[in-house]
2 protein chains.
Amino acid sequence: MEALKKIIREIPDFPKPGILFYDLTTLMQNKAAFAQVVNRMSEPYVGQSIDMVVGVEARGFIFAPTLAYKLGAGFVPVRKPKKLPAPAISVTYDLEYGKDTLEMHADGISAGQKVLVVDDLLATGGTARAVTRLVEKLHGEIVGLVFLVELGFLGGREKLASYDVFSLIKY
Amino acid sequence: MEALKKIIREIPDFPKPGILFYDLTTLMQNKAAFAQVVNRMSEPYVGQSIDMVVGVEARGFIFAPTLAYKLGAGFVPVRKPKKLPAPAISVTYDLEYGKDTLEMHADGISAGQKVLVVDDLLATGGTARAVTRLVEKLHGEIVGLVFLVELGFLGGREKLASYDVFSLIKY
């Protein structure tokens, strides 16, 4: 994965001082690298009869639908409050300072469907954990969670210990 | 396209009274329909050596990267102000009430690259027109703009008259 790391742009002090931001846009605008990461992220789930891939706005919308297409699955968006037009379920979860709420259409997933959760980045795991709660409220079966990049030093994987978690690039 | 229209959920009075909202989530969560629309949206551009596909957050991120993957192209995101971490160019354009600004990384597109602009919905065309201005500031060549749904009665196509515009489903 060292070759992919060289394509990711590192930006110090973004969005605030002391944070090193891994900018994945340089990877996505590289056509060979983009195809490669989509293929590798989906590879463990080929032949697993995934029904639905779930992604969170905004950056989670980049990889989740692409993997859904690759795996022959449907795509279900998770959005911030008041964005979804039909009846929705919601979860509220703790942030470092304050709380956040995410929503999913109540008919987005049917009981027993095999679900893959996809995001670009696994940081503290708070968002991913909230998404698993939405899926389980609708009695979907979570086959796994897949991330392009994992910031291992933030411990997000522990928050998702009861799931199969796969990340392509680790820092 | 009538079969696809039956899968799109129509929601009256969203986001405000008098507006009939076409909810595409019911189409995206239908695995056969999702694969079909991605295939049909990309079909005219297969073999056209598209270098980059551009999409606007948040809903434009759903189809643009998927088409990029399908066409073997890279993906470049257009975002709201202050979201992109590296040096960016911007355009400001008029809305019905007020103005809006969109940004793209200054290295997102190189001069002469063949670019496809993708979004889920062509309404008034204001956002799409702004995206073409960003691409042309960087001297990209716009091969076309493709939309899943076009609301023909809003006249967006006229605002894009100098481009090749393709939409799969028309209302």
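**View 1. Which backbone oxygen lies 3.2 Å from a polar atom of the side chain of A:Thr26?** It is the backbone oxygen of A:Asp23. This is a predicted model, in which local features need pLDDT of at least 70, side-chain atom pairs count only at pLDDT 80 or more, and totals for chains, interfaces and linings use all residues. Residues are numbered from 1 along each chain as its sequence is written, chains are lettered from A and ligands numbered from 1 in the order in which they are written, and side-chain values use heavy atoms, leaving out hydrogens and water.

A:Thr26 sits in helix H2 (residues 25-28) of chain A. Helices (H or I, at least four residues) and strands (E, at least two) are DSSP runs, numbered from the N terminus. The A:Thr26 side chain also reaches the backbone nitrogen of A:Arg9 at 3.1 Å. A:Thr26 counts as buried because its relative accessibility is 14%. Buried means under 20% relative accessible area, exposed over 50%, and partly exposed in between (1.4 Å probe, protein chains only). Leaving aside neighbours within four places in sequence, A:Thr26 is in contact with A:Ile7, A:Ile8, A:Arg9 and B:Asp107. Contact means heavy atoms within 4.5 Å.

**View 2. The interface joins chain B and chain A.** Each chain's share is 42 residues from chain B and 42 residues from chain A. About 3,200 Å² is buried between the chains, and carbon and sulfur atoms give 63% of that area. Buried area is the accessible area (1.4 Å probe) that two parts lose on being put together, summed over both. Four salt bridges are found across this interface. A salt bridge is a side-chain nitrogen of Lys or Arg within 4 Å of a carboxyl oxygen of Asp or Glu. A:Lys31 forms a salt bridge with B:Asp51, with the closest N and O atoms 2.9 Å apart.

On the chain B side that touches chain A, H4(B) gives the most, with seven residues. That side divides into 22 nonpolar, nine polar and eleven charged residues. Ala, Val, Leu, Ile, Met, Phe, Trp, Tyr, Cys and Pro count as nonpolar, Asp, Glu, Lys and Arg as charged, and the others, Gly among them, as polar.

**View 3. Helix H4 (residues 60-71) of chain B has twelve residues.** Its end C-alpha atoms are 17 Å apart, which agrees with the 16 Å that twelve residues should span at 1.5 Å a residue. The expected span is 1.5 Å times one less than the number of residues. H4(B) is mostly covered, with eleven of its twelve residues buried. Among them are B:Phe61, B:Phe63 and B:Tyr69. B:Gly72 follows H4(B), and its phi is positive, near 70°.

**View 4. Helix H5 (residues 126-137) belongs to chain B.** From its first C-alpha to its last, H5(B) reaches 17 Å. Its buried residues include B:Val131, B:Leu134 and B:Val135. After H5(B) comes B:His139, with a positive phi near 65°.

**View 5. Some backbone angles stand out in the loops.** Most residues other than glycine have a negative phi, and most peptide bonds are trans. A:Asp13, in the loop between strand S1 (9-12) and strand S2 (20-23) of chain A, has a positive phi of about 60°. A:Asp13 counts as partly exposed because its relative accessibility is 47%. In chain B, phi of B:Asp13 is also positive, near 60°. A cis peptide bond joins B:Phe14 and B:Pro15, with omega about 0°. The bond from A:Glu57 to A:Ala58 is cis too, with omega near -5°.

Note on methods. A polar contact is a pair of N or O atoms within 3.5 Å; within protein, one must be able to donate a hydrogen and the other to accept it, and residues adjacent in sequence count only if both atoms are side-chain atoms.
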